[in-house]
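I opened this entry to go through one chain, a few residues at a time. My notes follow in the order in which I looked things up.

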Amino acid sequence: MSQILVKTGYAWPESNLDADTLPGFCYSVVVVPPRKNTGFPQLTAKIRGRKVASSDGGAKAYSTTPAYIIADFIENTRFGLASAVNWSDVAAVAARNNETVDGEARHVLSASIDTVQPAFTVLADLCDYASCFVFKDGGTYRLIPDAPRATDAVLPDDAAIVEGSLSWEQRPQ
């Protein structure tokens, strides 16, 4: 019986499966019976992704909520930014992500980052999926939902714009 360890497109025949660990990598052990296949078999799998926290110090679970994935990326010391995140902001963006539109969550994220990229490029891409903006405030990253806000102020009738005084100018492209 031959054993093949499959890791992101590379294979090592006859690996010592007890001693070989690949922390941080998704891998599978596949046993291929001899003479049952004329070549390397095509393998396909659905992968759930990383377990991420949904609150500061909270238990980790699988999630497709982009805000939680962003928070995990910002805090991660191995492949992320190794920085602090404002968890109140994460909760606000997560609430927006999880709002239902036609019976489904507004934003979900199930993606694989399979090319080496600068961390800030990955962060910008993740924020696009979450429909949020990110900025650093001191040593902490803040997330702001890209969503309509409540009205902050209303002009009273006597302060209304004078008719004919508002102008609109199209800027050249």
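I began with Ser131, which I found in the loop between H3 and S9. The model is a predicted one. What is the phi of Ser131? I read a value near 55°, which is positive in a residue other than glycine. I noted the background: most residues other than glycine have a negative phi. Is Ser131 buried or exposed? Its relative accessibility is 18%, so Ser131 counts as buried; the cut-off for buried is under 20%.

I then looked up Ala82. It sits in the loop between H1 and S6. Ala82 is not a glycine either, yet its phi is positive, about 50°. Its relative accessibility is 49%, and therefore Ala82 counts as partly exposed.

**His107**

Setting aside neighbours within four places in sequence, I listed Thr64, Pro66, Asn97, Tyr129, Ala130 and Ser131 as the residues in contact with His107. His107 itself lies in the loop between strand S8 (104-105) and helix H3 (119-130). Which backbone oxygen lies 3.3 Å from a polar atom of the His107 side chain? It is that of Tyr129. With 17% relative accessibility, His107 counts as buried.

**Sheet**

Next I traced an open sheet of three strands. Their order is S6-S10-S9, and the pairing is mixed. Why is one side of S6 and of S9 left without a neighbour in the sheet? Strand S6 (84-85) and strand S9 (132-137) stand at the edges, and each has a single partner strand, so one side of each has no neighbour there. S9 and S10 run antiparallel, and I noted six bridges joining them. Cys132 stands opposite Pro145 in S10.

H3 packs on this sheet and touches S9 and S10. The direction of H3 makes about 135° with that of S9. I also checked H2, which lies across S6, S9 and S10. H2 runs at about 25° to S10.

**Core**

I turned to the largest nonpolar core, which holds 24 residues. Which of them touch the most other members? They are Ile70, Ile74, Val90 and Leu123. I then asked which elements supply at least two residues each. My list reads strand S4 (51-53), helix H1 (66-75), helix H2 (87-98), H3 and strand S10 (140-145). H1 gives the most, with seven residues.

Not counting residues up to four places away in sequence, Ile70 touches Leu123, Leu126, Cys127, Ala130, Cys132 and Leu143.

**Whole chain**

Along the sequence the pattern reads β-β-β-β-β-α-β-α-β-β-α-β-β. The chain has 173 residues, and buried ones make up 24% of them. I took contacts between residues at least 6 apart in sequence; 45% of these join residues at least 24 apart. The accessible surface of the chain comes to about 13,100 Å². Carbon and sulfur atoms account for 52% of that surface.

Definitions and conventions
Residues are numbered from 1 along each chain as its sequence is written. This is a predicted model: local features need pLDDT of at least 70, side-chain atom pairs count only at pLDDT 80 or more; totals for chains, interfaces and linings use all residues. Side-chain values use heavy atoms; hydrogens and water are left out. Helices (H or I, at least four residues) and strands (E, at least two) are DSSP runs, numbered from the N terminus. Buried means under 20% relative accessible area, exposed over 50%, partly exposed in between (1.4 Å probe, protein chains only). A polar contact is a pair of N or O atoms within 3.5 Å; within protein, one must be able to donate a hydrogen and the other to accept it, and residues adjacent in sequence count only if both atoms are side-chain atoms. Contact means heavy atoms within 4.5 Å. A nonpolar core is a set of buried Ala, Val, Leu, Ile, Met, Phe, Trp, Tyr and Cys residues joined through side-chain atoms within 4.5 Å. Two strands pair if DSSP finds at least two bridges between them. Axes are lines fitted to C-alpha atoms, for helices over the stretch in contact, and angles run from 0 to 180 degrees between N-to-C directions. Accessible areas come from the Shrake-Rupley method with a 1.4 Å probe; for residues, only the protein chains shown count as cover.
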